Structure formats: C-alpha cells, structure tokens
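Please find below a colleague's note on the model under review. It is arranged as numbered points for reading beside the coordinates.

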Amino acid sequence: METTIAYMKPKTVKEALKFLQKHGGNAKIIAGGTDLLNQIKKGAKTPAALVNLKDVEELRGIAVTGKTVTIGALTTLFEIQNSEILAEHFPVLPYTASLMASPQVRNVATVGGNLANAAPSADMAPPLLVLAAKVEIHGPPKKRLIPLADFFTGPGETVMTGENILTRIKIPLMPKGARCIYRVHTLREAMDISMVSVAAYIKGRRKVGKARVALGAVAPVPMLVPEAAEVLEGQPFIPERIIAAGVEAREACKPIDDVRASANYRRHIVEILTRRTLQEIADGATS
Amino acid sequence: MTAKGEMISITVTINGLPYTAAVSATMNLTDFIREVANLTGTNVGCGEGECGACTVFLDGSSVNSCIVLAVDADGKEVTTIEGIGGPNGDLHPVQQAFIDCGAIQCGFCTPGMIMQAIWFLKQNPDPTPEEVRAGLEGNLCRCTGYEKIVDAVLTAAQQMNAVETSVR
Amino acid sequence: MTENNEYNVIGKRVPKVDAREKATGAAIFGHDLRLPGMLEGKILRSKRAHANFTIDISKAEKIPGVVAVITAETYPHVKNLGFLQDNPALKKGKVCSYRDEIAAVAAVNPETAEDAINAIEVEYEDLPNVCDIEFACMENAPVLHEHAPDNILKHRYDFVHGDPEKALEEADFKVTSTYRLQYVAHCCMEPCFAAAQWDGPDRLTVYSTTQIPHLMQRDLGRVLGIPAAHIRIKQMVIGGAFGSKLDTYPYEIITCLLAKKTGRPVRIAFDREEEFIASVTRQPAVITVSHGCTKDGKLTARIFDAVLDNGSNSSWGATTPHIMANPVSSLYKVENVRMKAKMVYTNNAYAGAFRGYGNPQATFAIESNLDELAKVAGIDPLELRRRNFNEPGETTPQDLKITTCGMKECTEAAVEAIDYDKPLEEWEGVGFANMIHVGGGARIYLSDGSGVTVKVDDFGRVVIITGATEIGQGTDTAMAMIASEELGVPLENISILNSDTDYGMWDAGVHASRTTFIVGNATLRACRMVKEQLIEAAAKKMKIEPGKVVFEKGVFYPEGGSPEDGMKVDKVARSMHFRRQGKHPMATYYYDPPNELQDMKTLKGNVSSTYAYGTHACRVKVDPETGKVKILKFVAAHDVGKVINRQGIEGQLHGGIAQGIGYALMEDMVFEDGKLLNPNLLDYKLVMARDMPPMELIFIETDDPEGPYGAKGIGEAGLIPTAAAIANAVESAIGARIRDLPITPEKVLAAIRGVK
Ligand SMILES: Cc1cc2nc3c(=O)[nH]c(=O)nc-3n(C[C@H](O)[C@H](O)[C@H](O)COP(=O)(O)OP(=O)(O)OC[C@H]3O[C@@H](n4cnc5c(N)ncnc54)[C@H](O)[C@@H]3O)c2cc1C
Ligand code: FES
Ligand code: FES
C-alpha cells in the first residue's frame with residue numbers, strides 16, 4: 001500500500017540520465033524544489049523517484065563563449081540577479097530575476113526549474129523568448145539544442161520527456177543598438193504571480209530593425225507574438241506603430257478566467273502593457 | 001496513499017552542533033529542525049514558501065526551510081533563530097532592534113523576519129527604507145503593518161554600522 | 001511627538017514585555033507543544049458543498065499506527081456548537097459545506113493520520129447547492145437545516161428610531177445604494193491549533209489558542225457533557241487571532257474526543273490550506289443604505305438593510321449586526337434611523353468575529369453612501385460631515401451615551417494632515433471616513449468583567465494574575481505599565497501570569513477592543529488597593545498616620561522627610577508578613593464596566609461605557625489604463641482617550657490599517673459553488689511591506705472619565721473606516737463609485753469606462 005520515492009543525487013549529467021532511464025520516465029528531477037515540493041505535497045505529482053541535480057556542477061554557472069552566453073540550468077535566480085556577465089550583456093535578466101518570488105525563494109530556485117516547470121506565468125520565459133534563447137536538452141532521443149520558442153507545449157508541459165534533462169540555456173549576444181526589457185502587471189508590489197507580463201526586444205532607435213514581443217500568463221504557454229513584431233519591423237519607432245503592436249498582442253493572446261484576473265481584463269492589459277513596454281524602450285529603457 | 005521518500009541518513013550542523021538522523025528523502029528542512037533537532041523557534045505559517053516564517057540560513061543564504069529538502073542540507077551548516085545571539089543570552093542587534101522598536105506583536109512571523117533581516121543586511125548594510133521593504137518581500141506579517149519592522153531593520157543597520165566604524 | 005510628562009510610565013514608548021521570548025524563538029506556540037505520547041489528529045472534511053453521505057471507516061482503522069477513527073456515531077451524545085447550537089462537531093449523514101467535518105483520526109504521526117484520512121470511504125449523494133443568498137431566500141429553494149425551513153436564521157435585527165421612511169420621503173436630497181462586502185480570511189500567521197489530554201473519564205486539560213478561555217471552559221463542559229469545573233484551559237502563545245478564536249469550534253471538540261477515545265494526548269494543527277477552508281471568515285454582506293438630508297446638509301434619515309450570507313452554520317458572524325447597529329444608529333447625528341438585518345443559510349463558509357465585528361462592513365456602506373449623498377446634494381463631503389458631527393453629552397438613537405467624543409477633532413486633524421483642499425492632479429483623489437466603535441467594553445454577555453490579582457513579594461517583584469488574553473495586542477505590557485506607574489516598580493520587576501483558567505480570574509475574552517480598558521481598570525484598582533496596604537504598613541513602621549506617608553517612585557517616606565530615608569516596596573512588603581498574623585500584600589479587583597446589555601428586541605441600551613472615534617483619510621492615484629490604485633499617503637486620527645503605550649498603540653493602528661487596505665484593495669476569498677478557489681497565500685493576497693503607503697498617525701486624547709488614566713479601547717478601530725476612506729478617495733479620483741469590495745483594478749477600470 002505504501003509507495004516509496006527513491007532518491008538519488010548524481011554528480012554528472014550522464015549519471016543523472018541513467019537514473020532517469022532506470023525509472024522509465026517516472027522519476028522527477030529536482031533542482032531548487034520550490035515548485036516541485038509543493039506539487040508533491042499537494043499530491044499533484046507522485047514521482048517514483050527523485051533525482052536531485054544539486055551536485056551536478058557542470059550545470060552551474062554563467063559564461064560567455066564567442067557570441068553566446070551560456071547559463072547552466074542549475075543557476076539560481078539569485079545568481080542571475082547578481083551576475084556581472086548578465087548585467088553587462090542582458091540586463092533584463094537580472095532585473096527579471098529580481099521581480100520573481102522572494103529573496104529566500106530566489107536563493108534556491110533555478111532558471112532551469114522555472115522553464116521546465118512550464119507555468120504560463122513563468123517569468124524567465126518571456127525575456128528569454130525575445131532574446132531568441134535556445135535550450136539544450138540531454139537524453140533520449142539525443143542531445144539537442146532547440147529554440148525556447150519550441151520548448152513549451154502546454155501548461156506544465158514541454159517537449160521534454162521524463163528521461164530528459166534541461167542542461168543549458170544559450171543566448172546569442174545582442175547586436176549593438178538592441179534593447180530588451182520586461183514588464184509585469186501584478187496586484188501586489190511583491191511576491192505576486194503576474195496577471196500579464198510582456199517582454200520586448202527592439203533593434204534600432206528611430207527605425208525598428210528587428211523586433212520581438214513575448215507575453216506571459218495569457219495563454220497556455222509563454223508565447224512570442226510575431227504579429228506584434230511585424231507591425232514594428234522596418235517601420236519608424238513611433239507611437240502609432242507601438243499602439244498597433246499593442247493591438248496585435250491583444251488579438252494574439254489567449255487568456256483564461258482564473259482567480260487572478262478575468263480573460264477580458266488580461267486581454268486589455270496585454271494591449272496596454274505591450275504598448276507601455278515598447279514605449280519605454282523607445283524612451284531609452286534598458287532592462 | 002501519500003508517498004514517502006526513501007530513508008537516508010544525513011548529518012546537518014545546526015547552530016554549530018551536528019544532528020544525524022535517517023530521514024525520508026521528501027522530509028523538508030523545517031521538520032528536521034523542529035522534529036529532529038527539536039528547535040521550535042522556526043515557525044511554519046504556510047509550508048509553501050509564501051510567508052517566510054520558516055526562514056533559516058543554509059550555508060549562509062536565507063531560505064524557506066519548508067521548501068528545502070532536509071537531504072539537501074546534508075553536510076551543510078544551518079543557522080536558526082536560536083543560533084544568532086551571543087553567549088550568555090546576548091541578543092543579535094537585529095533582535096534587539098525588533099524588541100526596542102516595537103516590531104513584534106503576536107511574534108509568529110518574528111523569527112523568520114529577523115533571519116531574513118540579518119541576511120538582507122549582510123547583502124546591503126546601509127539600506128534605504130524602500131530597500132528594506134524589498135528585502136522583506138518574502139515575509140508576511142498580519143499584525144504590524146510592517147512599519148515598525150522596517151524601523152527596526154534600519155535601526156539595526158545604523159547600530160551595526162556604528163559598531164563597525166568604531167572597531168575600525 | 002510630545003511625550004506625556006504627567007506620568008512616569010503611562011504614555012511612553014515601552015517595548016512589549018513578551019518581545020524577548022518572541023525575538024529569540026523561545027516562545028511556545030501551539031505547534032511547539034510536546035506532550036509525552038501525543039498523537040496526531042486529523043479531520044476528514046466534506047468534498048461537497050451539499051450532500052447526503054454514508055461513510056466506511058473500516059479500512060482506515062486497520063492501518064498500522066492508527067489509534068482511533070471517530071465519526072458522529074462514536075459519541076452520539078455530544079452537543080452542538082455555535083451561537084444557535086446548529087453545528088455538530090462531526091456531521092451525521094449530511095454535509096452543508098466544504099468545511100464540514102465527517103470523521104477524524106488519531107495516529108502516531110501526521111503521515112499515518114493523513115493515510116488514514118485518505119482510506120476513509122465516503123459516498124456522497126449530491127443535493128442542490130445553495131451558494132447564493134438570493135437563491136437561498138427564494139420559495140422552494142433547497143433547505144439546509146430543518147430548523148430553518150426558509151433558510152433564514154430565526155433571530156433578526158430590527159432597530160428603528162423616529163420615522164425614517166417618512167423622513168426619507170420628505171428629505172430635500174436622498175440617495176440609495178447597495179454595497180457588497182466579500183469574504184475575507186483572518187490569516188493569522190499561526191494556523192489553528194488545539195491539544196487535549198484527559199486525566200480519567202472527566203478531567204480534561206485543553207491546550208488552546210482561544211481568545212475566550214473561560215467561555216471555552218463553559219462551552220466544552222456543555223458540549224462534552226462534563227462539569228466545566230473539571231476542565232482546565234491552558235493557552236499557548238497565540239500567533240494572531242483578530243477575533244477568529246472567539247468561538248469554540250468543531251476541531252477543538254474533535255481534539256477532545258480523539259484524546260478521550262485514545263486515552264492519550266492528541267493535537268490537531270491545521271496547515272495553511274485547511275486554515276483557509278475550515279476557519280471562520282469575516283462576515284460577508286449585501287447592504288442597502290439610504291440617506292436623506294435637508295438643503296443645508298442636516299441628516300434626517302438613514303435606512304440600512306443588510307442581508308448576511310451566514311454560510312452553513314452559525315458562529316459569531318451571525319451576530320455581527322448587533323455591532324453594525326452602533327454606526328447605523330450613532331455615526332453622526334441622524335434623527336430617524338432604521339436598521340434591518342437578516343442572516344441566510346447557504347452552503348458557503350461561515351463567518352466568525354473579525355476585528356471590528358461587522359463595523360467595517362457597516363461603516364463602508366454608510367460612509368460611502370454619505371459621499372454619494374454629498375454629491376447629490378452638491379455639498380462638499382467634508383462639509384456634510386461637519387454639519388452632523390457627534391458631540392460629547394449626546395444620547396444617540398440607540399441610547400448610546402456619548403461621554404467623550406473626539407469626532408470633530410479627529411476629522412479636522414485628519415483632513416488637515418492629508419491636505420484635503422490641495423488641488424488634485426489628474427487621476428488623483430482624496431477621501432476620508434469616520435467611525436464610532438465601542439471603546440469601553442461591550443456588554444454582549446451578561447458579564448463584561450475581568451478579575452485581576454496583584455501581588456507584591458518580598459523582593460519587590462510584582463506579579464499580576466489575570467484571566468485576560470494576550471494575542472499580540474499588548475495588553476500584558478499595558479498591565480505591567482499600569483502596575484509600574486502605580487507601585488513605582490521598574491517594568492523588569494513585573495510579571496504577568498495568565499493563560500490558565502485554573503488561576504486566571506474570569507474574563508469575558510479578548511474582543512470588542514475591551515482588554516486594555518477593562519483589564520486596565522481592574523489592574524489599576526487592584527494596584528491602588530495594594531498601595532493602600534503598603535502605605536498602611538509603612539505608616540505603622542514609621543509610626544505616623546497613613547495620611548502622612550508619601551509614596552514616590554517606589555519609596556515610602558514621611559511627609560516633609562526625604563526619599564533617601566524612606567522604605568522601598570520590598571521592605572514594606574516584608575514588614576507586613578514577617579510577623580505574627582502577618583498579611584501578604586496582594587489585592588484582587590474585579591472590574592465590570594457601567595454599560596448595559598441591550599434589549600434584543602429594540603436593540604437599545606448603552607452597550608459600552610465609552611465610544612472610540614476616528615478618521616481615516618487618504619490620497620490615491622489611479623492608473624486610468626490598468627485601474628490600479630496606489631495609495632500615496634494615509635492618515636489615521638483616533639480618539640484614543642489617552643495613550644497608555646505609545647509604541648503599542650501605533651503598532652495596533654499600523655496593523656489595523658494594513659488589514660483595512662487589504663480589505664479595501666486585494667483580499668478576497670473566491671468561492672465557486674461553495675468551494676474556495678484560492679486557499680493559499682499567493683492567491684489570497686495580504687498586503688506586504690512594499691504595499692504599505694506612508695502613514696501618519698494622530699492621537700486625540702479626550703481623557704475619558706471611565707477609562708484607565710482616561711484611555712479608550714482601540715484594538716479594532718484601526719481598520720474600521722479604512723475601506724470607506726479608500727473607496728471615497730477612489731471615487732474622487734475617477735468620478736465613479738465602486739460599491740463592491742475589494743476595489744480591484746478590474747472593477748476600477750470598468751467603473752472608469754462606465755463614466756466615459
Ligand atoms: C512563494 C513562491 C513564489 C514564486 N514566485 C514566482 C514568480 O514570481 N515568478 C515565477 O516565474 N515563478 C515563481 N515561483 C515558482 C518557482 O519558484 C520558479 O518556477 C522556480 O524558478 C522553479 O525552480 P526550481 O529550481 O525550484 O524548480 P523545481 O521545483 O526543482 O522544479 C520544477 C519542475 O521542473 C523540473 N526540472 C527542474 N530542473 C530541471 C532540469 N534541469 N531539467 C528538466 N526538468 C527540470 C522538475 O522536475 C519540476 O517538474 C514561485 C514559487 C514560490 C514557492
Ligand atoms: S512556512 Fe515556509 S514560507 Fe511559510
Ligand atoms: S507579529 Fe504577528 S504576524 Fe507578525
């Protein structure tokens with residue numbers, strides 16, 4: 001009658017993969033545990049085994065190689081918040097981390113866990129989406145690097161199986177003249193899950209070269225809105241275009257009613273927040 | 001059926017003393033502190049990382065002990081509210097400031113608040129009131145409206161900085 | 001801020017006497033209690049809002065480590081709980097809400113108890129849900145309880161003074177609106193806890209976080225069918241209460257029953273989710289208010305009609321209209337007043353007492369409506385209030401006798417501090433609201449009394465023995481300050497002995513902002529009696545008349561002499577009993593204030609011996625595109641009679657304002673068909689440090705003749721006018737009125753669009 005959850009603490013990715021394989025996908029990876037422990041407690045998840053990644057040193061750290069910044073999946077939100085490399089290349093990421101949860105949670109929660117948990121409101125997702133980040137996945141069928149945009153498949157669902165590990169996040173360095181910021185709409189000033197969030201990436205000052213807009217908490221997955229980018233690209237960066245992008249974002253989002261907000265309200269906020277976020281970039285904001 | 005984790009023997013050093021026990025892999029650190037080490041100053045207000053009442057230091061960083069696995073503290077140092085004062089009942093300046101400034105009402109949030117405040121002041125020894133509020137954004141208090149808690153943290157910062165300067 | 005020099009201790013800032021143990025983690029809260037052999041109790045609750053059920057506990061009983069499983073059948077003679085005694089601790093065959101207790105287990109540890117709960121098999125036969133008060137009142141609506149075939153509770157509140165209908169009819173200006181108040185949770189940071197231990201068949205000790213130790217003793221005796229004289233309540237350090245622990249609840253009875261059945265100590269400790277689902281709430285209500293006034297803004301009529309969602313069973317929430325009647329009848333001078341309230345059974349959660357006891361709801365409706373009236377009448381809201389202020393010496397329509405009244409002073413001070421007349425920027429608003437609340441106890445039982453014993457020992461230590469309850473509000477410290485003031489003994493030489501019905505004297509409980517007022521008076525008088533004894537002894541020792549003894553700063557000396565030659569308290573104390581037929585210096589005073597039990601039919605009578613007034617004012621800025629409200633500044637001016645502990649009273653007000661802001665802007669228990677959708681602290685939003693606006697507190701000291709040193713009770717006042725002040729400020733900012741709490745960005749946005 002009693003079920004026992006096996007526990008293992010591998011030292012390498014290889015070892016971890018072996019454990020996962022042994023349990024045929026019924027094992028759960030635990031990184032910071034800030035999402036998973038509550039899910040287990042509430043009976044939402046009942047894994048056969050826990051594979052604790054904490055000792056897998058190769059999954060830690062932030063480094064620049066060539067034109068790419070690599071963030072280990074096990075990097076904590078606190079480390080992201082305080083990373084000099086990120087402050088230099090992608091100030092939006094430390095800023096985003098600083099908005100999330102609380103200091104105590106940030107000290108243990110990992111960026112990999114945030115993405116792998118695949119909450120529609122996962123705050124790390126929208127900025128990484130607009131930065132064109134890729135995620136490295138180990139395990140069957142094979143090691144691969146896929147765009148983050150292809151990673152999420154539904155609330156709590158990703159392309160990964162129970163035998164996969166998200167190992168690294170790779171972000172191409174931003175070209176000169178590109179800026180990226182992230183904004184959230186919450187009720188409380190702190191410790192609040194976003195009702196709506198918007199990340200935007202714009203290259204170009206007067207005229208928009210490349211644009212990307214992503215939304216959080218308003219669809220089954222964090223989503224890019226190519227329609228919003230389209231109305232901006234190749235156009236002067238002016239209020240008319242920015243307003244049009246907001247409207248596109250509103251059309252594209254697919255929010256639901258829940259205890260945090262109604263779908264209608266979310267749709268409205270998507271428009272407002274997209275417009276404001278873009279306007280802030282136009283006005284010179286950088287994180 | 002509630003699933004239990006495999007039993008694993010761990011040793012956690014809490015406030016300088018080692019505690020060894022075989023625990024379930026799913027046991028959280030709060031339970032280890034409260035039930036194994038029998039240190040009851042660490043409170044549980046939610047068990048879900050939302051209130052901060054269970055805040056302790058794990059190898060020096062503040063964490064919600066309710067959402068950290070006990071096995072993750074194996075071989076590590078934990079500091080709880082019982083471990084921050086000096087010998088002979090001396091209080092940490094943050095504890096003293098909480099008392100003096102009236103930052104305590106029912107006191108249930110207090111141990112977690114004080115732990116978080118101490119950690120925060122290590123990161124930011126000379127904060128503005130706004131920074132203090134942000135530093136305590138993971139700690140709920142239902143009694144005080146936070147005003148006197150913020151006062152207490154600022155007061156403690158001043159005192160700790162004054163001591164620091166006089167030592168130099 | 002000026003400190004008062006009239007006294008040595010009173011009016012100063014004094015750290016709480018229990019602060020150190022709370023700062024070091026030494027305080028023993030419920031979940032810290034360790035009793036040898038203690039078992040873990042757990043309750044199986046309904047998975048339906050409304051259903052008949054059958055239950056099979058056989059599988060659960062067989063789990064190793066399970067010591068007992070009980071249902072309603074186990075102890076059939078246990079009586080019902082609740083204000084109307086409509087609430088069996090364990091439900092039999094039918095559930096009326098998700099919080100309903102079906103069975104309970106005691107096991108060797110929490111995990112086994114949880115397994116046993118999951119192994120209990122329940123079959124439900126669904127009944128139609130009644131989760132809406134309008135539906136519940138319809139003819140042919142499904143009936144929840146046989147004793148209430150129309151789903152309406154038997155007792156009603158009906159108050160009338162003058163001819164309000166006629167006055168409204170004849171008023172020059174009038175307005176009628178309906179306001180909706182949501183369910184909110186107390187969210188004490190410590191979830192509910194109880195432990196029980198029997199010594200033989202009818203001697204019971206309960207470890208509790210109750211606010212009403214003596215009434216709990218009585219309740220337990222009645223419900224369990226044992227003499228209350230055999231029951232001892234020991235209170236733990238209490239991690240917040242705010243009224244939630246003012247009743248005796250099913251889980252407490254169940255704890256006792258499990259302990260009885262197992263013959264071992266048993267504890268039940270809620271987790272946060274259970275706390276949300278199964279502890280009481282603030283009373284939700286739909287309130288329709290009408291006001292009428294003359295051309296010059298003189299209020300002539302007020303009609304107040306409240307329908308309360310009573311939930312599935314009765315607790316104190318069902319009696320909140322009793323206190324709503326105070327502001328309805330007596331906030332400002334209104335000649336013709338009617339109040340009606342009815343309580344409707346539904347399959348929702350049931351409410352208990354919560355700081356303010358109905359008053360925040362009533363004040364929200366009244367003060368919102370007055371602003372609406374001002375708008376209709378074309379009079380500035382402040383001017384309208386000024387023309388109708390309460391005054392000292394007034395007897396209100398409810399026969400409340402107003403002795404001291406700082407309403408005018410509070411209002412003027414608050415509007416000045418908020419800079420009421422300063423021109424507003426776009427989307428900025430300013431608003432305020434007033435309050436009246438019981439400030440000198442509240443006689444809602446036969447007794448509103450409390451006994452205090454003060455003892456002075458040979459070493460000059462003063463021990464205060466009391467039945468009063470410290471829930472964080474600081475009454476222990478107030479008592480110590482009073483003793484220090486009266487007996488000249490330093491605070492560190494004073495102990496408070498409370499939390500045990502075996503030695504604490506009767507106290508009606510910590511409610512109605514009564515403790516500092518009532519227990520303060522008892523302490524003050526007991527101290528003065530001890531002082532008399534000491535003066536008499538000192539006089540004997542010095543061989544002078546008692547009238548010639550000077551007592552100053554803890555030293556007795558002869559008139560004209562100097563303190564250096566005097567005797568200290570300890571020496572005098574020893575001189576009293578280190579001899580034949582000696583006497584120990586100690587005295588007991590039982591204080592029961594001069595207030596009246598109201599006639600339940602007319603609701604008239606002077607329920608409190610004095611009344612507290614206060615004004616909250618704030619300035620807000622609204623984001624017109626998102627509807628988000630930001631409070632730029634918050635001012636609270638309160639008639640506190642007299643400040644006893646400046647630090648303590650500030651803390652009470654700060655905390656009250658925080659709860660009031662939460663009530664106004666974000667706290668909301670969201671129910672769907674009786675099921676709570678947000679039982680956690682991420683989705684049920686309490687304000688956090690960053691949400692608090694800059695606050696300014698103003699104390700108006702009206703020196704109440706009955707209060708200790710002139711003090712009034714203000715424990716609840718801090719949140720009573722808060723939501724109304726914020727709603728009025730939001731209206732001022734957006735030009736539209738929001739009548740439903742909480743004022744969420746979504747509602748604000750809808751209101752702005754409605755205006756456009
Ligand atoms: C109080 C509180 C507040 C929060 N506030 C926010 C917030 O503001 N914004 C926000 O976005 N989130 C928030 N969260 C959610 C959570 O903290 C974050 O999602 C966090 O980043 C998760 O990381 P973790 O390491 O703790 O994940 P874990 O709990 O360890 O794992 C989460 C999931 O991901 C899987 N997983 C983890 N790592 C990997 C990997 N490398 N490869 C494959 N699978 C993996 C796990 O199996 C699990 O299913 C909050 C949580 C709490 C408790
Ligand atoms: S108990 Fe750990 S955060 Fe609330
Ligand atoms: S003092 Fe009671 S919760 Fe903070």
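1. Basis of the note. This is a predicted model, in which local features need pLDDT of at least 70 and side-chain atom pairs count only at pLDDT 80 or more, while totals for chains, interfaces and linings use all residues. Residues are numbered from 1 along each chain as its sequence is written, chains are lettered from A and ligands numbered from 1 in the order in which they are written, and side-chain values use heavy atoms, with hydrogens and water left out.

2. Extent of the contact between chains A and B. Chain A contributes 32 residues and chain B 34 residues, where contact means heavy atoms within 4.5 Å. About 2500 Å² is buried between the two chains, 56% of it on carbon and sulfur atoms; buried area is the accessible area (1.4 Å probe) that two parts lose on being put together, summed over both. On the chain A side, Tyr7(A), Leu37(A) and Gln104(A) lose the most area to chain B, and together they account for 24% of what that side buries.

3. One salt bridge links Lys54(A) to Asp72(B), with the closest N and O atoms 2.3 Å apart. There are also 14 residue pairs in polar contact between chain A and chain B, both residues at pLDDT 80 or more. A polar contact is a pair of N or O atoms within 3.5 Å; within protein, one must be able to donate a hydrogen and the other to accept it, and residues adjacent in sequence count only if both atoms are side-chain atoms.

4. Strand E1 (4–8), helix H2 (36–41), strand E3 (49–52) and helix H6 (103–106) of chain A each supply at least two residues of the side that touches chain B. Helices (H or I, at least four residues) and strands (E, at least two) are DSSP runs, numbered from the N terminus. By class, that side of chain A has 14 nonpolar, 11 polar and seven charged residues. Here Ala, Val, Leu, Ile, Met, Phe, Trp, Tyr, Cys and Pro count as nonpolar, Asp, Glu, Lys and Arg as charged, and the others, Gly among them, as polar.

5. E1(A) pairs in the parallel sense with strand E1 (residues 4–5) of chain B, over two bridges; two strands pair if DSSP finds at least two bridges between them. Ile5(A) has Gly5(B) as its bridge partner in E1(B).

6. Domains of chain B. Chain B is divided into domain 1 (7–83) and domain 2 (93–167), with bounds from an automatic or database domain assignment. Their centres, taken over C-alpha atoms, are 22 Å apart. In the contact between them, 17 residues of domain 1 of chain B meet 14 residues of domain 2 of chain B. The area buried between these domains is about 1200 Å², of which carbon and sulfur atoms give 61%.

7. Between domain 1 and domain 2 of chain B the count is zero salt bridges, but six residue pairs are in polar contact, both at pLDDT 80 or more. Strand E4 (55–58) and strand E5 (61–64) of chain B each supply at least two residues of the domain 1 side, and E4(B) gives the most, with three residues. The domain 1 side that touches domain 2 has six nonpolar, 10 polar and one charged residues.

8. Chains B and C. Here 45 residues of chain B are in contact with 53 residues of chain C, and about 4100 Å² is buried, 57% of it on carbon and sulfur atoms. The interface holds six salt bridges; Glu137(B) and Arg690(C) meet in a salt bridge at 2.6 Å, N to O.

9. Chains A and C. Asp623(C) and Arg276(A) form a salt bridge at 2.7 Å, N to O. Asp623(C) lies in the loop between strand E24 (611–622) and strand E25 (629–639) of chain C and Arg276(A) in helix H11 (residues 263–282) of chain A, so the pair joins two chains.

10. A sheet in chain A. Four strands form an open sheet in the order E11-E12-E13-E14 (chain A), with antiparallel pairing. Strand E11 (178–185) and strand E14 (223–224) of chain A stand at the edges, each with a single partner strand, so one side of each is left without a neighbour in the sheet.

Key. A salt bridge is a side-chain nitrogen of Lys or Arg within 4 Å of a carboxyl oxygen of Asp or Glu.
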